[in-house]
Amino acid sequence: MDYKDTLLLPKTTFPMRGNLPQNEPKKYKEWFENDIYEKMKQNRIGKEEYNLHDGPPYANGHIHIGHALNKILKDIIVKFNYFQGKSVRYVPGWDCHGLPIEQQVEKKIGRAKKESLPKSKLRELCRVHAAKFIDIQKEEFKNLGVIGDWENPYKTMDFRFEANIYKQLTKIAKRGLLVERSKPVFWCMHDRTALAEAEVEYEDKEDYSIYVAFKLNDESLKKLGLNDQASIVIWTTTPWTLPSNMAISLNPDEEYALSADNKIVALPLYDSLKETGIIKGDVKKKFKADELEKLIAINPLNGRESIVLLGEHVTMDGGTGCVHTAPGHGEDDYKVWRKYGFSEVIQPVDERGCFSPIIKTEKLLPDEFVGEFIFKVQPKILEMLGESLVKVDRFSHSYPHCWRCHNPLIYRATKQWFIAMDEEVEGETLRNRGLKEIENVKFVPEAGRNRLNTMVENRPDWCISRQRDWGVPIAFFRDKTTEEIILDDEVLDNIYNIFSEKGADAWYDLSISELLPKDSKYNPDNLEKVNDILDVWFDSGSTFAAVLQSGNYDAGNYPANMYLEGSDQHRGWFQSSLLVSTATEDKAPYKSILTHGFTVDEKGEKMSKSKGNVVSPVNVSKQFGGEILRLWVAMSDYKGDIKISDKILKQISDQYRKLRNTIRILLANLEDMSEPNYNFSDIDKWILAKAKDVFNEVISLFKAYDFSKAFNILNNFVVNELSAIYVDITKDRMYCESENSDKRRATQTAMCMIAKRLIIIIAPVLTYTANEAIENAPKMLKKDSIFDYEYLEFKEFDLTNSITDKILKLREEFGEVVDKLKKEKKLKSTLELTICTNDADLLDDEDIVDFFVVSEINNESCGELLGEIQFDGITYEIRKSNKYKCPRCWRYLAESEDSLCQRCEEVINV
């Protein structure tokens, strides 16, 4: 008789191999065609809400691995909350305006043609370009299994969206926080536009380091009681700004000293300057800073007067403690200049970075410098300084560059629009309101709080105007006579309504009279348009209003439960959103912020095409499957930089296979289960108690967004206790017991309970695999889809058992002896063994035999002695069984050769 036919072997349609690259796209297509996101909403009607507000990627180019990390993290969190029973909302979105898209259009059609096109036509081309890449990126994100409202995503270029961005601007203007000032801002000479702090990157640049002596005029020498000529020595790394010098700033709290060679520098820096030859000899005289205040020095380059001011920004960590001050080319310079009540500044550099004709009228430089590029003429400026140039060096330092073209930036005073950080509104500044709101936000990791706090504390006024074409216009009318901006509600509301219907292009397509309300009190001839566009960070900073407040999207409540982006967004989206929201609503737009690091290669190096280390998420999905990419995200510590490579992905694939195979064997063991049986054995109680603790810890870690630790704990449990021990030691009862025996049915029940919760726990990450498992599950677990499930904790059962730490330790030592016996070829299977001992813990529990996977445990010394364990003063003899191998269950319990053991005899003959 072939006894194999009498065994209850596991059966399942859940395949061993996932064939993820081939099968995932089919299932994702089915989900999106059947609007799985809407089904998720319907499944949770009336439940607690959770919404994650999407930080918009830029609609330009294919997605990269950083995009994949970001979107998958968001998807995991949204789905986790869904499977915790909450009603979730996630509306994906895109940033559509801005310079990069404008540059791509220019690259395609050429600069000459671009400059000849009407503004509305250029904007149309930009809109088409953005729409193309929105469609591309949308499909790439969907192929990662990211679920959201893809049928109604937000796009900042949609007409109603543009109108809502404009509405936030008008709210800020009416609160008195929008100001127009001529002050220094970061300026890109290549793209000819102003930039905000968030658009600045820092790269190394070689510059001059020069020390220049500014002689004091006669009246100043007299005030100081000096008979000989004396000079204040300044230090600068921007010689091209020297023609624009208007002052010299000193630290109000420091002393200054006159050297033997009649040079004035800060006393704390005296010795170091003496060592480098900037000054000579001992101190002749000391001055308090206020003694030097408002003295006049002479710029040696052009003979213009330079007034001495006191400023807190002057530090003693380098230079001379006497700071060259050009209010047209520096934020701190401008502030100290304004503090003293001065308003007019010199700014002789045009939008291309060349000296303008003002250098002639103001007598800043000779005529030959007009039209010359500022960096190119620096050697000539140094030559003109003559003996006043005390010392010159070259050095490399971190310097601001444009985030888009990567060219060096300059500070350049131009007339721009700013959101004022320190203007009081209702007794409080925007800066203070923002800092207060940060205190109420939860940060993951917590270090993000200090980072955002510091950036808000130190940021200058926000320059929101750009001199470009593709964006939301700062759509205000200026009265030509008074030069005041019209903030009449009727006018602003009319523009808002036009934008909602026709888009912001209407600002350029329509005349002033067409943009004004019918029968307006304003004469169109007396008005002119402001044609600057808004910083794209203002666009994205306004998304809370357009998405969460406008009613145009089913995106959840304001403030959102979470904003989640890369750590660079403390200076970007997190900050711009905070400022717009507190400026208009007096509160932060988010309850919590989660930040992740950047993706790097296996060596920790930044990815670049030139290095050939770029990992494409599209290629990963084709090679390994999206599930592997998703598991990589979950198993990585996102708080720092995250490494990825083929080798790492192969390791993740191994983890995935172990998890998948464990789920498969659990499902296979449940094929004939029809109803639960809770008469658990001690082994069942042991694994259930272990599973309960592990699952509770995993859920707790998920709630804390610590996914990598959660999955490490889960994988360890699945590979070791669940698969290597429990599934292994219960094979005998599952295959060999009678179909409806209490022992077998109770083990099935335990497996069913664990499988159900395990599948739902992994569902936020491995959604496709969890769904595939449910589709192929036996009737006790089967549902239409994984989204029909909600995670439930274990019901309360008596899970006390006799599988103690002592027995677990004893099993480990037993395993070591067995491994040695197998290597010595004295043993093939542990079923050949009997454990002989007088330990009541082992003798009194029939389940312990299964736990050690031996044929018997008794207190009789029988069979050949193969080994021995001494544990806690008790002896455990490991002997070769003196009985015969049962041909059905392979246990050595048969009384004669080729006969069945008693248990198998009873099962077959029932």
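## A first walk through the chain

Let's start with Arg657, which sits in helix H24, residues 646-668. Keep in mind that this is a predicted model. Arg657 counts as partly exposed, because its relative accessibility is 42%.

Now zoom out. The chain has 33 helices and 35 strands. Its C-alpha trace spans about 120 × 80 × 50 Å along the principal axes. The radius of gyration is 37 Å, whereas a compact globule of 910 residues would come in near 29 Å. Even so, buried residues make up 58% of the 910 residues. The accessible surface of the chain is about 38,600 Å², and 45% of that belongs to carbon and sulfur atoms. If you take contacts between residues at least 6 apart in sequence, 74% of them join residues at least 24 apart.

What about the inside? In soluble globular proteins, nonpolar side chains tend to be buried together. Here the largest nonpolar core holds 153 residues, and the members that touch the most others are Trp632, Phe695, Phe711, Leu714, Leu758, Ile786 and Phe852. Take Ile786 as an example: leaving out residues up to four places away in sequence, Ile786 touches Phe83, Ile759, Ile760, Ala763, Thr767, Ala770, Asn771 and Ile774.

Helix H28, residues 742-762, is worth a stop too. From its first C-alpha to its last, H28 reaches 30 Å over 21 residues, close to the 30 Å expected at 1.5 Å a residue. Of those 21 residues, 18 are buried, so H28 is largely enclosed by the rest of the structure.

Is Lys183 buried or exposed? Lys183 counts as buried, because its relative accessibility is 3%, below the 20% cut-off. Lys183 lies in strand S5, residues 178-188. Leaving aside neighbours within four places in sequence, its contacts are Glu331, Tyr334, Arg412, Ala413, Thr414, Phe418 and Asp461.

On to charged pairs. Side chains of opposite charge can pair when their charged atoms come close. The count for this model comes to 68 salt bridges. Here are a few examples:

| Salt bridge | N to O distance |
|---|---|
| Glu124 and Lys121 | 3.7 Å |
| Asp839 and Lys806 | 2.7 Å |
| Lys883 and Glu856 | 3.3 Å |

Glu124 and Lys121 both lie in helix H6, residues 119-142, three residues apart, which is about one turn of the helix. Both ends are partly exposed: Glu124 has 41% relative accessibility and Lys121 has 34%.

The side chains of Asp839 and Lys806 meet in a salt bridge. This pair links distant parts of the chain, 33 residues apart: Asp839 is in the loop between strand S30 and helix H31, and Lys806 is in helix H30. Asp839 is buried, with a relative accessible area of 4%.

Lys883 and Glu856 form another salt bridge. They too link distant parts of the chain, 27 residues apart, with Lys883 in the loop between strands S33 and S34 and Glu856 in strand S31. Lys883 is partly exposed at 26%, while Glu856 is buried at 18%. Finally, salt bridges that share partners join Asp684, Asp732, Arg733, Glu737, Asp847, Asp850, Arg891 and Arg903 into one network.

Definitions and conventions:
Residues are numbered from 1 along each chain as its sequence is written. This is a predicted model: local features need pLDDT of at least 70, side-chain atom pairs count only at pLDDT 80 or more; totals for chains, interfaces and linings use all residues. Side-chain values use heavy atoms; hydrogens and water are left out. A nonpolar core is a set of buried Ala, Val, Leu, Ile, Met, Phe, Trp, Tyr and Cys residues joined through side-chain atoms within 4.5 Å. Buried means under 20% relative accessible area, exposed over 50%, partly exposed in between (1.4 Å probe, protein chains only). Contact means heavy atoms within 4.5 Å. Helices (H or I, at least four residues) and strands (E, at least two) are DSSP runs, numbered from the N terminus. The expected span of a helix is 1.5 Å times one less than its number of residues. A salt bridge is a side-chain nitrogen of Lys or Arg within 4 Å of a carboxyl oxygen of Asp or Glu. The radius of gyration is taken over C-alpha atoms; the globule rule is 2.2 Å times the number of residues to the power 0.38. Accessible areas come from the Shrake-Rupley method with a 1.4 Å probe; for residues, only the protein chains shown count as cover.
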